[in-house]
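Hello,

Here is the structure we talked about. Please open it and keep it beside you while you read my notes below.

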Amino acid sequence: MDVQTEAAYDGNTLAGPLSEVFAIEVTTAVGRCRGCGTSSQLATLRVYSLEPGLVGRCPGCDEVLVRIARTPHDVWLDLSGMSALRIGMTSDSGAETGQ
Amino acid sequence: MARAAVSGGLRVRRAWRPAVLVERRLETPSACTLALDVPGWPGHLAGQHVDVRLTAPDGYQAARSYSLAAPAHDERIEITVQAVPDGEVSSYLVGDATSGDSVEVRGPVGGWFVWRPEDTGPVLLVAGGSGVVPLMAMIRTRNGMAAAPFRLIYSVRGPDDRIYDHELRRRAAEDAGLEITAVYTRTAPDGEPRPTGRISIDDLVSYGWPAELEPTCYVCGPTGFVETVSNLLIFLGHDASKIRTERFGPSGPE
């Protein structure tokens, strides 16, 4: 993949696929890039579609932070590009379940 | 549903639900609004998405994410789909789908590019092409009632590309605190004083809010458009944390 190519999407596109896995709305969570240390809400990642999956790259350095692929029976999730994921637990962060 | 509709909209770990297409309206020659009945739909926030999945007779599946275009009416939701060249999902939804067709949906999803009616600060909406869809959901949710004043700058190639044209004109006249400006990049209607051209810093100064008012800015459109507008807003002094963006590919969300 030529990382100079304009990303087709952003992290908002990750919301649906990640909603199969996470019990909270994780696109509002903040991931820290293992490469450059930039902290970004997942909604702001540069996202490329590589069927059957999606690749989310750091807006700071283009390092791959998230890879998610769906097969008929499994979700493959690679978060190894992030050194931490901070998940807000207030209603404003979008994480509250509202129950 | 016992849950409040809005907070229910943030519940996640979504499963695919069956949905039935109940209505379609052509918005422009290449964009179509589809109304879907979704049993058990939990409600949603303005700006959230729904994923739509089609299954071919041979079992092949394709899914795409679309912005919800309007508040839910009970279990009825609306999306507006722009046809994309060679788009396998959008070409079906815009061209072939008919009332009674079954699809599957997953959602609502997304929690970042959202506006809540209890947010009372000024809002700047900047749309490029079909990027107007989630912003229209915000305008419809606000519905002339909320305290927050809204300004929409809507960049389109020409008059024929304006989605929601009739309703936007009506709302500009009727909704208190809503101002709408169209920016034409290639063809302008007769009498349009602004020369055609891409959105500029002058447009954001003339038709947006001053940065000192600290508006929340929602920018949605093709990737290049979103990059340009968000960089201009930052140059004008808007805080990056007040700028929310949603990008779709060079030719539209598919």
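Which residue is the bridge partner of Leu50(A) in strand 5 of chain A? It is Gly53(A). Keep in mind that this is a predicted model.

Start with chain A. Leu50(A) sits in strand 4, which covers residues 46-50. Strand 5 covers residues 53-57. The two strands run antiparallel, and 5 bridges join them. In general, strands of a sheet pair through backbone hydrogen bonds, either parallel or antiparallel.

Next, chain B. Look at helix 3, residues 132-142. Is this helix mostly covered or mostly open? It is mostly covered: 10 of its 11 residues are buried. Among them are Val132(B), Leu135(B), Met138(B) and Ile139(B). Thr141(B) and Arg142(B) are also on the buried list.

Asp74(B) is one, at about 55°, although it is not a glycine. Find Asp74(B) in the loop between strand 4 (61-67) and strand 5 (76-82) of chain B. Tyr164(B) has a phi near 60°, and it is not a glycine either. Look for Tyr164(B) in the loop between strand 8 (150-156) and helix 4 (165-174).

Which of these two is buried, and which is exposed? Count the C-beta atoms. Asp74(B) has 11 C-beta neighbours inside 10 Å, so it counts as exposed; the cut-off is 12 or fewer. Tyr164(B) has 23 other C-beta atoms within 10 Å, so it is buried; that takes 20 or more.

Then two prolines. Pro108(B) is in strand 6 (residues 102-109) of chain B. The peptide bond from Gly107(B) to Pro108(B) is cis, with omega near 0°. Pro210(B) lies in the loop between helix 5 (201-207) and strand 10 (216-222). Pro210(B) counts as exposed because it has 12 C-beta neighbours inside 10 Å. Its C-alpha atom is 8.5 Å from that of Gly237(B). Along the chain, Pro210(B) and Gly237(B) are 27 residues apart.

Best wishes

Terms used: Residues numbered from 1 in each chain as written. Chains lettered and ligands numbered in written order. Predicted model: local features only at pLDDT ≥ 70, side-chain atom pairs only at ≥ 80, totals over all residues. Helix = DSSP H or I, 4+ residues; strand = E, 2+ residues; numbered from the N terminus. Pairing = 2+ DSSP bridges.
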